Amino acid sequence: MSSTDRDVDHALAYPEPPASPFWHRHGAKARPLTPAQQRRNRELLDIAQRTTRPRSPRPTETLAEN
C-alpha cells in the first residue's frame with residue numbers, strides 16, 4: 001500500500017517545541033581539573049585500555065550434547 005496524504009500523521013509534520021529553560025544550567029561553571037587530577041585520569045585511562053576485560057566463561061558442552 002502506498003503512502004498518501006490520508007496515511008500521514010500530520011501531528012508529526014510540525015516542528016518540536018523549544019527546549020525547556022529548566023534543561024539548561026545557569027549556575028556556576030564546573031571547576032577545571034588540577035594537573036594532578038588530569039595525570040591520574042590519564043593513568044587510569046591508559047591502564048583501562050591496556051588491560052583486557054574478563055569474559056564470562058563459556059559452557060564446555062553445547063546444547064546438542066545435553
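Mentor: A residue counts as buried under 20% relative accessible area, as exposed over 50%, and as partly exposed in between, with a 1.4 Å probe and protein chains only. This is a predicted model, in which local features need pLDDT of at least 70, side-chain atom pairs count only at pLDDT 80 or more, and totals for chains, interfaces and linings use all residues. Residues are numbered from 1 along each chain as its sequence is written, and side-chain values use heavy atoms, with hydrogens and water left out.

Trainee: What percentage of the residues of the protein count as buried?

Mentor: The cut-off for buried is under 20% relative accessible area. The protein has 66 residues, and the share that counts as buried is 0%.

Trainee: Which residue forms a salt bridge with R50?

Mentor: A salt bridge needs a side-chain nitrogen of Lys or Arg within 4 Å of a carboxyl oxygen of Asp or Glu. By this rule the count is one salt bridge. In it, the closest N and O atoms are 2.9 Å apart, and the partner of R50 is D46.

Trainee: Why are R50 and D46 separated by about one helical turn?

Mentor: Helix 1 covers residues 35–50. R50 is exposed at 60% relative accessibility, while D46 is partly exposed at 38%. The separation is about one helical turn because, in helix 1, R50 and D46 are four residues apart.

Trainee: The backbone oxygen of which residue lies 3.4 Å from a polar atom of the side chain of Q38?

Mentor: Q38 is placed in helix 1 and is partly exposed, at 35% relative accessibility. A polar atom of the Q38 side chain lies 3.4 Å from the backbone oxygen of L33.

How values were computed: Helix = DSSP H or I, 4+ residues; strand = E, 2+ residues; numbered from the N terminus. Polar contact = N/O pair within 3.5 Å; in protein donor to acceptor, adjacent residues only side chain to side chain.
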